[in-house]
Amino acid sequence: MPGMLDKIKQFSRSPQGRRTAEQVRRASADPRRRAQAQRLLGKLRGRRH
């Protein structure tokens, strides 16, 4: 799906994409947020199997 990857790259280079990336970086530095994200990923991974 090269079209989807191109859209993701384009978004990541936009001002909104940069703001979003910065928010994610700040949230990942917070231990509570990191634990919350890991629980969510665990749930999502569990659904695939």
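Modeller: The protein exposes about 5000 Å², of which carbon and sulfur atoms supply 55%; accessible areas come from the Shrake-Rupley method with a 1.4 Å probe, and for residues only the protein chains shown count as cover. This is a predicted model, in which local features need pLDDT of at least 70 and side-chain atom pairs count only at pLDDT 80 or more, while totals for chains, interfaces and linings use all residues. Residues are numbered from 1 along each chain as its sequence is written, and side-chain values use heavy atoms, with hydrogens and water left out.

The secondary structure comes to three helices and zero strands, where helices (H or I, at least four residues) and strands (E, at least two) are DSSP runs numbered from the N terminus.

A search of the whole structure finds two salt bridges, each defined as a side-chain nitrogen of Lys or Arg within 4 Å of a carboxyl oxygen of Asp or Glu. In one, the side chains of Arg25 and Glu22 meet at 2.9 Å, N to O. These two residues are three apart in helix H2 and are therefore separated by about one helical turn. In the other, the side chain of Arg26 meets that of Glu22 at 3.9 Å, N to O. Arg26 and Glu22 also both lie in helix H2, four residues apart, about one turn of the helix.

Glu22, at 33% relative accessibility, counts as partly exposed, whereas Arg26, at 53%, counts as exposed; buried means under 20% relative accessible area, exposed over 50%, and partly exposed in between (1.4 Å probe, protein chains only).
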